[in-house]
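Hello,

Here is the structure for the handover. The sequence and model come first, and the notes on what was found follow.

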Amino acid sequence: MYDWLNALPKAELHLHLEGSLEPELLFALAERNKIALPWNDVEALRSAYAFNNLQEFLDLYYQGADVLRTEQDFYDLTWAYLLRCKAQNVIHTEPFFDPQTHTDRGIPFEVVLNGISAALKDGQQQLGISSGLILSFLRHLSEDEAHKTLDQALPFRDAFIAVGLDSSEMGHPPSKFQRVFDRARSEGFLTVAHAGEEGPPEYIWEAIDLLKIQRIDHGVRAIEDERLMQRIIDEQIPLTVCPLSNTKLCVFDHMSQHNILDMLERGVKVTVNSDDPAYFGGYVTENFHALHTHLGMTQDQARRLAQNSLDARLVKP
Ligand SMILES: Nc1ncnc2[nH]cnc12
Ligand SMILES: [Zn+2]
C-alpha cells in the first residue's frame, strides 16, 4: 500500500518550509554559519522531538530556524523539500513561510524570499513541480507587526498567492488580524488561516466570516459544532488536515482516534498534508500511510483525498 499511495499524484497544501528542516541539514547549516548548537548530534536533536502540545513544538521550531541565515540556506531548505515532493509524486505544492521568524532575527526579508523563490522556480523547471507561496503572519505577534510584514511583501507581490496565519493559536483569534487581512485582500492576495487545531470552533467561524479564507488549515475541531460542519460542507470549504502533526501535538491521543475519514465520508473537502514533516516523522505519503494503518483507509478514500488536494489548489493548473 505504501508504494501505491506514494505513486498517487497529489498536491500538498499545508507545509511550513521551516518545518521541513531535517536535523541533518540543520547541523550542516549550523556548521556552515558557525553557529553553536545545544545538541551534541543529530540523534540528540531528534530525541528532543517529543511534544505535549503546539507550543512545545513551536519553541523548538523557532530555535531550529535560527540556523537559516543566507539566501543559499533558504534555497537549500526549499530544494530539499522539493526533492521529497518529487520522490512522493507531489506534483504541486503551496508552502508557507514565516518571514517574521527571520526578520525579527535581523535577516532581511529579501534574503529569505529570494532563496525560497529561486528554489521554487528551479523546482518547476527541473522537477516539474508547480507551486504557489503563502506568506504566513505569526499570530502571537501584534497586528501592527503583521502590517509591517505586509508592507515589506508588497514590492514582491508577484512572489505570493496568499497570506496565512500560524503559530500559537490559543488566545490569538483570527479577529485579532481582521484589518491586516482586509488590507491583504484589497491588495489582491487570497487568504488562508490556521484555525481549529487547538482552538475552538469559534476561531473557524471567525476565519471564514472575518478573514474570508479560501481554506482552513487544520480545522479538525469543526466536528464539535454541527452548524459549522454544515457550512463547511455546503460551501465545500477545504480543510488542510495534518494527521501525523495532530497526533504528535496531542490534538488526538492516537491516530486511531483521528476524525479525517469521518469528515471525508460526511462530505467535507478534507486533504492530507505534512505540516512540519522534519519534526513529526513523515512527509505526505507517510501521512496517507498512517491513515491506512490505523484507520483502515481504503484505496478509494485515498483517491478522493488526493483528488481533494488537487481541487483545493489556489493556483489553478
Ligand atoms: N501546526 C502548526 N500550527 C501553528 N503554527 C505552526 N507553525 C508551524 N507549524 C504550525
Ligand atoms: Zn501548520
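For 317 residues, a compact globule would have a radius of gyration near 20 Å, and the chain agrees with that at 18 Å (taken over C-alpha atoms; the globule rule is 2.2 Å times the number of residues to the power 0.38). The model is predicted: local features need pLDDT of at least 70 and side-chain atom pairs pLDDT 80 or more, while totals for chains, interfaces and linings use all residues. Residues are numbered from 1 along each chain as its sequence is written, chains are lettered from A and ligands numbered from 1 in the order written, and side-chain values use heavy atoms, without hydrogens and water.

The C-alpha trace spans about 50 × 45 × 40 Å along its principal axes.

Ligand 1 sits in the largest cavity (on a 1 Å grid over the protein atoms alone, a set of points where a 1.4 Å probe fits but cannot get out; sitting there requires more than half of the ligand's atoms within 2 Å of the grid points).

- Ser167, through a backbone N or O atom, at 2.8 Å
- His16, through a polar side-chain atom, at 3.3 Å
- His218, also through a polar side-chain atom, at 3.4 Å

The protein covers 100% of the 260 Å² of accessible area that ligand 1 has on its own (Shrake-Rupley method, 1.4 Å probe).

Other residues around ligand 1 include Asp166, His194, Glu197, Asp275 and Asp276 (a heavy atom within 4 Å).

Regards

Terms used: Polar contact = N/O pair within 3.5 Å; in protein donor to acceptor, adjacent residues only side chain to side chain. 1 Å grid on protein atoms, 1.4 Å probe; cavity = no way out; pocket = protein on both sides within 12 Å on 5 of 7 lines; lining within 4 Å.
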